[in-house]
Amino acid sequence: MRGEILTFDAATRMVAIMGDDGNRYLFPATAVHAGLTPRKGQRVDFSPTEDGKPGEIFILQSSESGAASTQGAFDLGRVVSRTFGSIRDNWLVLLVASLVLVGLPSTLSAVGQTFFWSDDSTRTGFIFVGLGSLLYLIGFFMLQGTAVKAAVDGFNGKKTGLSDALGVGVRAFFPLLGLGILASLGMGFAFLLLIVPGVILAVLWSVAAPAVVVEKRGVLESFQRSRDLTRGYRWNVFGLLVIYILLTWILGVAIAAVSVAAGGSWIDGGGPNLWINLLSGPVVNVLSGVIASAGVASLYYELRTVKEGAGPESLAEVFD
């Protein structure tokens with residue numbers, strides 16, 4: 001929702017705004033994003049909470065110069081909090097989308113691996129694994145598009161239907177396909193050279209998929225857009241990637257332990273427990289896909305707000 005600041009009491013640190021819905025809202029100055037100073041007449045974008053009070057407040061325009069507020073402080077804790085808040089609010093949509101877009105391709109690859117234990121079916125195994133890997137690549141980027149839609153709606157206090165969220169990813173299918181192929185080739189080649197170049201590209205291109213979905217940019221333009229958005233905050237983005245990688249690793253270890261308890265083993269083999277080992281991989285991919293996609297959506301949202309002053313409503317407009 002948007003509105004205009006009516007008053008700011010420096011003594012009580014309280015700000016009054018008139019919302020475009022005709023209602024008057026009162027909130028503490030600490031709610032203003034990036035610690036900017038509120039002034040009378042400024043246009044703001046804010047997210048009403050369930051009790052009707054505003055949440056974060058984004059200053060859209062300076063009352064003195066009319067220039068958009070374009071710089072703020074990146075908050076890693078805020079991104080992590082938004083990530084798990086988005087998962088909590090949209091867990092069913094994200095889980096089902098991850099099962100379809102990531103879980104099924106991962107299962108196809110797992111089935112392909114079983115053929116490697118038969119000398120007569122090696123070619124079939126390679127076909128299954130190759131197809132599953134390609135579909136996983138496409139599905140993972142589509143999942144990011146789905147998560148962006150769900151997250152932006154959530155930041156505006158709206159619920160997202162599964163068909164609406166998936167529709168966003170489907171509409172951007174071909175650009176996301178091109179993005180996924182080029183990103184995988186680029187990062188794969190960089191990792192073959194040294195680990196560091198691969199990590200650098202992962203940071204530089206971390207929000208390319210949301211740029212495709214939200215801003216409807218082309219593939220190459222989205223890579224550049226991601227580089228522009230992450231500039232100045234790349235160590236923060238790297239720290240966030242490390243956090244999510246550690247979470248995924250912990251998740252994988254936990255599921256592997258459950259697999260062992262169910263009769264599997266730590267190392268895949270051709271025995272009767274092969275399926276327990278192989279199917280634990282898709283489970284890890286589904287759950288880590290939920291975390292990663294919500295994390296990318298929250299990271300993109302944070303970068304847009306701290307660098308460009310874009311509030312939740314302005315991001316939601318692209319889906320209307």
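Tutor: Let's take the terms one by one and set each value against its cut-off. Keep in mind that this is a predicted model.

Student: Okay, what is the chain built from?

Tutor: There are 11 helices and 5 strands in the chain. Of its 320 residues, 45% are buried.

Student: Why is V79 called buried?

Tutor: Buried means under 20% relative accessible area. V79 has a relative accessible area of 0%, so V79 counts as buried. You'll find V79 in helix α1.

Student: And what does V79 touch, leaving out residues up to four places away in sequence?

Tutor: Its partners are F74, L240, Y244, S298, L299 and E302. To count as a contact, heavy atoms must lie within 4.5 Å.

Student: How far apart are V79 and Y301, in sequence and in space?

Tutor: In sequence they are 222 residues apart, while their C-alpha atoms are 8.5 Å apart. Across the chain, 64% of the contacts with a separation of 6 or more are between residues 24 or more positions apart.

Student: Which residues of the largest nonpolar core touch the most other members?

Tutor: That core has 24 residues, and the ones touching the most other members are F74, V79, I87, L94, V207, L299 and L303. Two or more residues come from each of α1, α3, α9 and α10, and α10 gives the most, with 8 residues.

Student: What does F74 touch, again skipping residues up to four places away?

Tutor: F74 touches V79, Y233, N236, L299, E302, L303 and V306.

Student: Now the helices: why are α5 and α7 called roughly antiparallel?

Tutor: Angles over 145 degrees count as roughly antiparallel. Helix α5 (residues 173-193) and helix α7 (residues 208-215) pack at about 165°, with axes 10 Å apart. That angle is over the cut-off, so α5 and α7 are roughly antiparallel to each other. Their crossing is right-handed.

Student: Which residues make that contact?

Tutor: From α5 it's P175, L176 and L179, and from α7 it's A208, A209, V212 and V213.

Student: How many of the residues in the contact of α5 with α7 are nonpolar, polar or charged?

Tutor: The contact has 7 nonpolar residues, with no polar and no charged ones.

Methods:
Residues are numbered from 1 along each chain as its sequence is written. This is a predicted model: local features need pLDDT of at least 70, side-chain atom pairs count only at pLDDT 80 or more; totals for chains, interfaces and linings use all residues. Side-chain values use heavy atoms; hydrogens and water are left out. Axes are lines fitted to C-alpha atoms, for helices over the stretch in contact, and angles run from 0 to 180 degrees between N-to-C directions. Helices (H or I, at least four residues) and strands (E, at least two) are DSSP runs, numbered from the N terminus. Angles under 35 degrees count as roughly parallel, over 145 as roughly antiparallel, 65 to 115 as roughly perpendicular and the rest as oblique. A crossing is left-handed if the near helix is turned anticlockwise from the far one by less than a right angle, and right-handed if clockwise. Ala, Val, Leu, Ile, Met, Phe, Trp, Tyr, Cys and Pro count as nonpolar, Asp, Glu, Lys and Arg as charged, and the others, Gly among them, as polar. A nonpolar core is a set of buried Ala, Val, Leu, Ile, Met, Phe, Trp, Tyr and Cys residues joined through side-chain atoms within 4.5 Å. Buried means under 20% relative accessible area, exposed over 50%, partly exposed in between (1.4 Å probe, protein chains only).
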